[in-house]
Amino acid sequence: VPHFVEVVAGYERAVAKSTLDRRLHELVRYRVAQLNQCTVCLAFRWDAAGVSDDDRALVADHGRCDSFTPTEQAALTFAELFATAPTAISDELIASLVEHLGTAGLVDLTLVVGKYVAMGRFMQVLGLDQSCEIDPERLARDARIHG
């Protein structure tokens, strides 16, 4: 669908330029991948973000462990609710995120999480999450070029 190519590519480039902490970005990306059950996104690793496989194993149960900072905890909760029950996002959670990230950081987080929810579901609905092959080296190179 050619008329959407530049819009999607632009969103991808904008997310690559996100000012969120890389670790935080990768944690919420991975949590959304779990919720979307996207095999491509679950297999992808952004090594430069400093998130270990042990960290990833705890992301789904982040509320029950102390491996994550308060900012990471709040962002992971936000990502879960955004993907599963957006009307359940409380004013208190928003205030906590503003305290940790600032208003611009909250907007950045929201757009990043929204991108992963949307694209993960797009891929899943069309069956691309099972058959699409990504080149992690190309993605990393593109992130460096656009970041």
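Trainee: Does α5 pass α6 in a left-handed or a right-handed crossing?

Mentor: A crossing is left-handed if the near helix is turned anticlockwise from the far one by less than a right angle, and right-handed if clockwise. Here α5 passes α6 in a right-handed crossing. Helices are DSSP runs of H or I with at least four residues, and they are numbered from the N terminus. This is a predicted model: local features need pLDDT of at least 70, side-chain atom pairs count only at pLDDT 80 or more, and totals for chains, interfaces and linings use all residues. Residues are numbered from 1 along each chain as its sequence is written, and side-chain values use heavy atoms, leaving out hydrogens and water.

Trainee: At what angle do α5 and α6 pack?

Mentor: Axes are lines fitted to C-alpha atoms over the stretch in contact, and angles run from 0 to 180 degrees between N-to-C directions. For α5 and α6 the angle is about 40°, with axes 9 Å apart. That makes α5 oblique to α6. Angles under 35 degrees count as roughly parallel, over 145 as roughly antiparallel, 65 to 115 as roughly perpendicular and the rest as oblique.

Trainee: How are α2 and α5 arranged?

Mentor: Helix α2 (residues 22–36) and helix α5 (residues 70–84) pack at about 30°, axes 9 Å apart. They are therefore roughly parallel to each other. Their crossing is right-handed. Contact means heavy atoms within 4.5 Å. On α2 the contact residues include Leu24, Leu27 and Val28; on α5 they include Ala75, Leu76 and Ala79.

Trainee: Which residues does α2 bring to its contact with α6?

Mentor: An α-helix has 3.6 residues a turn, so residues three or four places apart point the same way. The axes of α2 and α6 come within 9 Å and cross at roughly 35°. From α2 come Leu24, His25, Val28, Arg29, Val32 and Asn36. Among the α6 partners are Leu101, Val113 and Tyr116.

Trainee: Where is the kink in α6 centred?

Mentor: The bend at a residue is the angle between axes fitted to the seven residues ending there and the seven starting there. In α6 a kink of about 110° is centred on Leu101. Just after α6, Gly127 takes a positive phi of about 75°.

Key. Helix = DSSP H or I, 4+ residues; strand = E, 2+ residues; numbered from the N terminus.
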